[in-house]
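Please find below some short notes on the model.

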Amino acid sequence: MAGMKSINYSDVESHPGQYVIYRSEPGYIEIVDSQNLRLRVHVISEHILRFRYAIEGRFDRDFSYGLDPDFIPSTEKVQVAESDTSLKISTLHLDCHISKQNLMISIYDKQGRILSDDEKGFHWEKNLKYGGYIVQNSKMQQYGENYFGLGDKATELNLKGKRFVNWGTDEYGYHKNTDPLYKSIPLFYGLHDHGAYGIFFDNSFKSFFDFGKERSNVMSFWSQGGEMNYYFIAGPQLIDVAQRYTQLTGTAEMPPLWALGYQQCKWSYYPESKVMDIAQKMREYRIPCDALYLDIDYMDGFRCFTWDEEKFPNPKNMVDNLKAMGYQTMVIIDPGIKKDPEYHVFKEGLENDYFCKRIDGPYVEGKVWPGECYFPDFTKAEVRSWWSGLYKELIEDIGIAGVWNDMNEPALFEVESKTFPMDVLHDHDGDLTSHRKAHNIYGMQMARATADGVKKYRGDKRTLIITRSGYAGMQRYSSVWTGDNIADWSHIYLASVQAQRLAISGVSFCGSDIGGFIGQPTPEMMIRWIQLGIFHPFCRVHSSGDHGDQEPWVFGDECTNIFRQYVELRYQLLPYLYTCFYQYYKYGTPMMRPLVFVDQGDQKLIDYDHGFMCGDHILMFPSTREHELSQRIYLPRGRWYNFWTKESYEGQNEYDIDTPIDKAAIFIQAGSIIPYFPVQQYVGEKSIETIDLHIYKSLRNSESHLYLDDFDGYDYEKEELCTFTTFRTTTDSDKYSIQQIKSDLNSYSGSVKSYKSVLHGFDSHVSLSVDGKELSRNDLIPFDFETIEIK
């Protein structure tokens with residue numbers, strides 16, 4: 001514009017000076033430059049390096065809500081080689097070069113190939129509004145590089161050419177490319193010809209990520225405060241990065257098996273008679289279901305930890321009756337505590353000074369569902385302990401099975417920012433800070449306090465916690481859903497890509513509001529959504545009641561029957577899904593994977609986000625358009641069986657696949673062994689003595705797995721009452737062999753005594769023998785067999 005002076009960014013940016021000296025400490029080295037800036041390079045493991053900068057020579061407290069406190073980094077002496085121009089830090093898999101001229105960083109693999117290379121590298125500018133610094137980092141985009149990750153982003157899987165913000169935001173009725181949303185996970189992946197890596201920017205201030213939008217050959221990330229503190233996580237495979245990141249930030253606990261069942265929710269089911277009517281109809285329509293939800297209307301005037309005695313005169317009796325029908329009862333709890341001097345939670349919080357305050361003393365006050373509210377400071381250990389104790393009546397006395405935390409970005413009504421003022425103070429576990437730093441971790445710490453309380457009062461039973469908002473590492477405490485979506489075809493696509501992105505960002509236990517929270521789905525849309533939803537670990541229908549009913553039977557008989565068919569399939573696949581969850585818990589393996597994570601060398605998969613893998617062996621392509629009775633799909637490398645027709649297809653090819661309304665595009669990888677349970681109306685309805693093994697023939701050797709425990713309780717943490725089995729298949733010209741290999745865990749089977757084989761892709765006349773004894777196809781196979789041969 002005329003008369004406006006352009007900014008010369010070289011005048012406002014500051015950069016590191018020349019190298020002066022370094023010193024070595026256990027696990028890291030510290031480099032000092034000519035301006036007294038300090039850079040610490042930590043060798044976390046052979047594949048993970050941490051870079052941390054102190055602009056004025058003094059580091060902040062080394063504290064993170066994102067890291068798993070049980071993760072143990074390396075304390076070995078760092079290997080450093082010094083030359084005239086650089087320092088080289090080496091691990092078994094990486095070489096990190098740091099320039100003496102300006103502390104620019106280049107990271108190579110052991111073949112000498114560049115993985116990541118600074119452009120400007122670390123630089124900063126003064127934050128004139130709040131003080132401190134805006135910390136920034138820019139890196140060269142390698143030839144052909146693409147980017148993935150960042151958790152809850154409603155856009156295509158490949159982030160190249162886009163810019164994003166991490167700032168937890170209550171975004172009612174979001175659309176494609178709405179940003180930011182509810183969760184803030186500052187992890188992204190880079191993928192190019194030399195391999196894959198990840199960068200975890202562990203900074204909870206409002207942060208930004210630019211993947212070549214501003215400058216096409218540069219990616220950058222920055223934050224409005226805090227330290228430049230990031231972890232470089234080497235692959236070389238994308239799946240390797242995902243596992244290492246998830247182990248760094250923590251894996252989820254094993255859920256009770258019922259938490260992987262189908263769940264029904266609405267804003268709101270009340271009074272008690274309505275809840276019982278829904279429960280009865282679900283059983284009458286024979287639609288398997290394990291959990292029913294009570295939204296905010298079960299409370300007295302939306303006061304948390306209370307009951308509306310007119311709507312629910314005897315909640316314990318209701319919960320007991322639901323339990324007798326096979327249902328677990330879930331309730332919602334929000335962070336806003338109504339200002340009411342007669343309300344016991346408000347009185348306790350006020351008397352003990354547990355609520356958040358602004359910098360000059362008054363409590364932060366905001367309107368949410370109960371009206372004017374105060375808000376607990378969940379970043380204070382004493383407050384978390386108090387909050388945990390509030391769950392005693394709900395959990396121990398009444399028998400509620402789990403809790404759903406909502407509105408915890410934290411969200412406020414009637415303010416432009418939708419959240420707290422920035423001058424609100426938080427304890428931050430002993431390091432007082434403003435809401436600028438605490439905002440993105442507030443919801444996670446609420447979920448942490450909730451999880452602690454619910455677990456305490458559940459005794460030896462596992463629970464289900466759900467949160468809308470959170471930061472990296474939230475998976476240690478909670479599952480998630482994708483927020484207030486819309487009954488629109490575009491949101492089936494968004495549900496698919498958001499769940500994939502959350503899974504590769506450490507949060508596999510996720511799902512969407514099936515059918516859409518806002519609006520009313522058509523019967524066709526509802527069917528297509530449940531076809532997708534059964535392959536998401538968290539499988540729940542939820543809707544806003546003012547848009548109409550959304551139970552499976554309200555859309556007509558055809559919809560009800562097809563809906564039932566897919567929920568029954570979900571229940572048959574429970575042992576497969578539970579095994580996938582164990583691999584997530586034990587190794588950090590994402591339960592859902594974009595296809596580029598299956599074969600990152602296939603260029604056709606870089607931008608292909610139509611299908612995804614559920615676990616190791618099931619491939620699903622959701623129908624995301626109205627009247628889509630066929631799909632053109634691209635299969636990744638390998639051989640694949642059409643789930644319905646059993647026809648096999650060779651990968652790395654495109655195919656036109658029929659998808660009539662009752663047939664989703666589902667494929668099984670050749671060589672797989674998929675365990676099936678019988679259909680149940682709820683987990684535990686039947687004592688399961690036989691597991692069907694669906695065996696899909698392959699010309700290549702392969703492995704499949706089965707994990708079993710008692711499906712509840714915590715003995716699995718001690719590796720008791722559980723077993724992990726590998727089915728290893730080998731093939732030659734005259735026989736197909738399956739070897740069962742038990743892990744070192746004790747050989748626990750629970751009620752299971754046998755397997756039954758279901759063969760796919762084999763000739764009808766083949767014979768089957770188990771440990772040398774010939775059996776018919778219908779004969780049961782002992783649970784402890786060693787070898788099956790199919791000839």
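**Notes on strand and helix packing**

1. Lys-367 has Glu-372, in S25, as its bridge partner. Strands here are DSSP runs (E, at least two residues), as are helices (H or I, at least four), numbered from the N terminus. This is a predicted model, in which local features need pLDDT of at least 70, side-chain atom pairs count only at pLDDT 80 or more, and totals for chains, interfaces and linings use all residues. Residues are numbered from 1 along each chain as its sequence is written, and side-chain values use heavy atoms, with hydrogens and water left out.

2. S24 and S25 (residues 371-374) are joined by three bridges in the antiparallel sense; strands pair if DSSP finds at least two bridges between them. The open sheet has three strands in the order S22-S25-S24, with antiparallel pairing. S22 (337-338) and S24 (366-368) are the edge strands, each with a single partner strand, so one side of each has no neighbour in the sheet.

3. The axes of H3 (residues 272-284) and H4 (residues 315-324) come within 11 Å and cross at roughly 5 degrees. Axes are lines fitted to C-alpha atoms, for helices over the stretch in contact, with angles from 0 to 180 degrees between N-to-C directions. H3 is therefore roughly parallel to H4 (under 35 degrees; over 145 is roughly antiparallel, 65 to 115 roughly perpendicular, the rest oblique).

4. In the contact (heavy atoms within 4.5 Å), Glu-272, Val-275, Met-276 and Ala-279 of H3 meet Met-318, Asn-321 and Leu-322 of H4.

5. The axes of H11 (residues 557-572) and H12 (residues 574-587) come within 5 Å and cross at roughly 55 degrees, so these helices are oblique to each other.
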